Amino acid sequence: MHKFLSVIFGGALLMALTACGQGDVLYVDEAVVNLSPVDGNPSSGYFDVHGGPEDVELVGVTSDDVVRLELHETVEENGVSVMQPVKSVPVPAGKTVSFEPGGKHLMIWGIGNGSISRGSLKMIFIFSNDDRIEFDAVVRKMGDPE
Ligand SMILES: [Cu+2]
């Protein structure tokens, strides 16, 4: 009888473990940087954050090879869309938050020539739970294929 019960519990545990396939890891993907066609103007960056097992906030993005990087969002004010810096962005557990044109985005000043010619920029995404996720964003020049 004992053995039978532990087999059942073991099976239930295994099912519980495999059932939480979604949202068990916080990660970033689909990161791209669209270079500004005008020298000196900021470039824009987009990516997806996939929430992990707990609610966190994205509190910053940095890179060794830029002069300045800011988190921005585009909001409507009296029918006009304006950009404003944001301090942090909530990433709910198991949900995907997209930074995309017309919404939340990165503004990036002074990307190094090495990253530009290599076509990738290493960025570090910093979260409120102290997770730091490194991800190489694809750097695209105007006219590059998507
Ligand atoms: Cu902006």
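I started with Ser 43, which counts as buried because its relative accessibility is 5%, under the 20% cut-off. A reminder to myself: this is a predicted model.

Next I looked up where Ser 43 sits, and found it in strand β2, residues 43-50. Its side chain reaches the backbone nitrogen of Ser 36 at 3.0 Å. I then listed what Ser 43 touches, leaving out residues up to four places away in sequence: Val 33, Asn 34, Leu 35, Ser 36, Leu 106, Met 107, Ile 108 and Ile 111. Met 107 on that list took me on to the metal site, as Met 107 also coordinates the copper ion through SD.

Which atoms coordinate the copper ion? I noted His 72 (ND1), Met 83 (SD), His 105 (NE2) and Met 107 (SD), at 2.1 to 2.5 Å. Along the sequence, these donor residues follow the spacing H-x10-M-x21-H-x1-M. I placed two of them on strands: His 72 is in β4 (residues 68-77) and Met 83 is in β5 (residues 80-85), 11 residues apart.

Then I turned to the geometry. Why is the arrangement tetrahedral? The 4 donor atoms subtend angles of 88 to 124 degrees around the copper ion, so the arrangement is tetrahedral; the rule asks for all angles between 85 and 135 degrees. For reference, the ideal angle for four tetrahedral donors is 109.5 degrees.

Met 83 has a relative accessible area of 45%, so I wrote it down as partly exposed.

Notes: Residues numbered from 1 in each chain as written. Predicted model: local features only at pLDDT ≥ 70, side-chain atom pairs only at ≥ 80, totals over all residues. Heavy atoms only, no water. Donors = N, O, S within 2.8 Å, 3.2 Å for Na, K, Ca; no water. Tetrahedral: all angles 85-135°; square planar, octahedral: opposite > 155°, others 65-115°. Helix = DSSP H or I, 4+ residues; strand = E, 2+ residues; numbered from the N terminus. Buried < 20%, exposed > 50% of the residue type's maximum accessible area, 1.4 Å probe, protein only. Polar contact = N/O pair within 3.5 Å; in protein donor to acceptor, adjacent residues only side chain to side chain. Contact = heavy atoms within 4.5 Å.
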